[in-house]
Amino acid sequence: MFARPAVRALSHSRQFSSSAARQTKVAVLGAGGGIGQPLSLLLKTNHLVTSLSLYDIRGAPGVAADISHIDTASEVHGYPADKLDHALEGAQIVVIPAGVPRKPGMTRDDLFNTNASIVRDLAAAVARVSPEACVLVISNPVNSTVPIVSAVLEKAGVYDPKKVFGVTTLDVVRAARFLGGVTGTSPNDTRVTVIGGHSGATIVPLLSQTPYGKGVTGEAYVSLVHRIQFGGDEVVQAKGGAGSATLSMAYAGARFTDAVLRGLNGEKGVVTPTFVKSPLFADQGVDFFSTNVELGRNGVEKIHPIGPISAEEEKLLAACLPDLKKNIEKGKKFMSQ
Ligand SMILES: NC(=O)C1=CN([C@@H]2O[C@H](COP(=O)(O)OP(=O)(O)OC[C@H]3O[C@@H](n4cnc5c(N)ncnc54)[C@H](O)[C@@H]3O)[C@@H](O)[C@H]2O)C=CC1
Ligand SMILES: O=C([O-])CC(=O)C(=O)O
């Protein structure tokens, strides 16, 4: 589906015959929503998906019937509210965009009270039915929902930190697009590693690590960083109460799912930022963090170090860590109550 590699570091061509690729069932929980529908559509076009399982408390069977007419080989099944366990049976990848989106004036953290329990209950079903699946969390606030999913799986005795991912790909997509806009170059030439978490100051773009990014300085740098950190707000404002990013997020979610699929299929060199259990800043109480991660047959293969960063990025990182710590602790506290 994606002609370009998911990340700038990739140079491998994709060489899967359908017989070489393993059978992969992907479940989407929240498939009837603003993200869930276009994400499911994009996953239907991915030849590495052999079975697509669409679940929502509203509308999933209709979405599944519609998407199932697309002429790619995968099977598509839709499941109503009371059939969550059926939807998860045999899933190797579970993507979760279930939950409420922001309205203008809200932060992602304002979604916590509603989305924390949605994500907790879905994760409990994953633990029960498909405990070995890779879980890709889109629902906000990602900085807290990923620790919640992890804690649910841990409580159930099935937690594998290599298999729980916060999807931060939209920040990577925005950074490439916005940097390309500033430098007047193709986003394909302006791939940016974005580290930290997924909200405001916790989003840290490492522009200094790219040839084009290095050249952006002064006011232009400050406003570019701000746009990457608060790109979500732009969409929330523009939609005027009708939700947040759905289409760009579906694209980003499909791209990240494709990266996980390629890793599971044994492709080497699949590297992309994602928010995972990470040792990098664990000594500062931040035990989930997004950096470049190599994906493989078992999920996370290797967590890359952040690499050399500029003095400005040191400051961004210093601002990120306390906020991220609070968000992570909030998720953990919710699970310990
Ligand atoms: N990680 C990221 O970069 C991004 C995350 N998001 C987040 O994704 C989430 C979904 O956003 P949208 O699709 O725009 O919202 P939406 O309201 O359009 O769709 C959410 C869907 O979840 C379903 N749902 C609610 N509770 C459920 C449950 N218990 N089980 C299954 N399905 C359930 C709803 O019925 C609805 O169809 C929000 O939390 C939003 O903040 C949005 C954009 C980017
Ligand atoms: O801004 C939001 O609430 C949705 C989101 O996470 C994004 O667009 O990055």
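Reader: At what angle do helix H4 (residues 112-129) and H5 pack, and how far apart are their axes?

Author: The angle is about 35 degrees, with the axes 9 Å apart. Axes are lines fitted to C-alpha atoms, for helices over the stretch in contact, and angles run from 0 to 180 degrees between N-to-C directions. This is a predicted model: local features need pLDDT of at least 70, side-chain atom pairs count only at pLDDT 80 or more, and totals for chains, interfaces and linings use all residues. Residues are numbered from 1 along each chain as its sequence is written, chains are lettered from A and ligands numbered from 1 in written order, and side-chain values use heavy atoms, without hydrogens and water.

Reader: What makes H4 and H5 a helix pair in contact, by residue?

Author: Contact means heavy atoms within 4.5 Å. On H4, Phe 112, Val 119 and Arg 120 are among the residues that make it. On H5, they include Ser 144, Ile 148 and Val 152. By class there are eleven nonpolar, two polar and one charged residues. Ala, Val, Leu, Ile, Met, Phe, Trp, Tyr, Cys and Pro count as nonpolar, Asp, Glu, Lys and Arg as charged, and the others, Gly among them, as polar.

Reader: How does H5 (residues 142-155) pack with H11 (residues 311-336)?

Author: The angle is about 35 degrees and the axes are 8 Å apart. Pro 147, Ile 148 and Ala 151 of H5 are among the contact residues, as are Leu 324 and Phe 334 of H11. That contact has eight nonpolar, four polar and three charged residues.

Reader: Why is the crossing of H5 and H11 called right-handed?

Author: A crossing is right-handed if the near helix is turned clockwise from the far one by less than a right angle, and left-handed if anticlockwise. H5 passes H11 in the right-handed way.

Reader: Where is Pro 141?

Author: Pro 141 sits in the loop between strand E5 (134-137) and H5. Its bond to Asn 140 is a cis peptide bond, with omega about -5 degrees. Most peptide bonds are trans.

Reader: How many salt bridges are there between domain 1 and domain 2?

Author: Two. The domains span 25-166 and 168-336, with bounds from an automatic or database domain assignment.

Reader: Why is the pair Asp 109 and Lys 330 called a salt bridge?

Author: The term needs a side-chain nitrogen of Lys or Arg within 4 Å of a carboxyl oxygen of Asp or Glu. Here the closest N and O atoms are 2.9 Å apart, so the pair qualifies.

Note on methods. Helix = DSSP H or I, 4+ residues; strand = E, 2+ residues; numbered from the N terminus.
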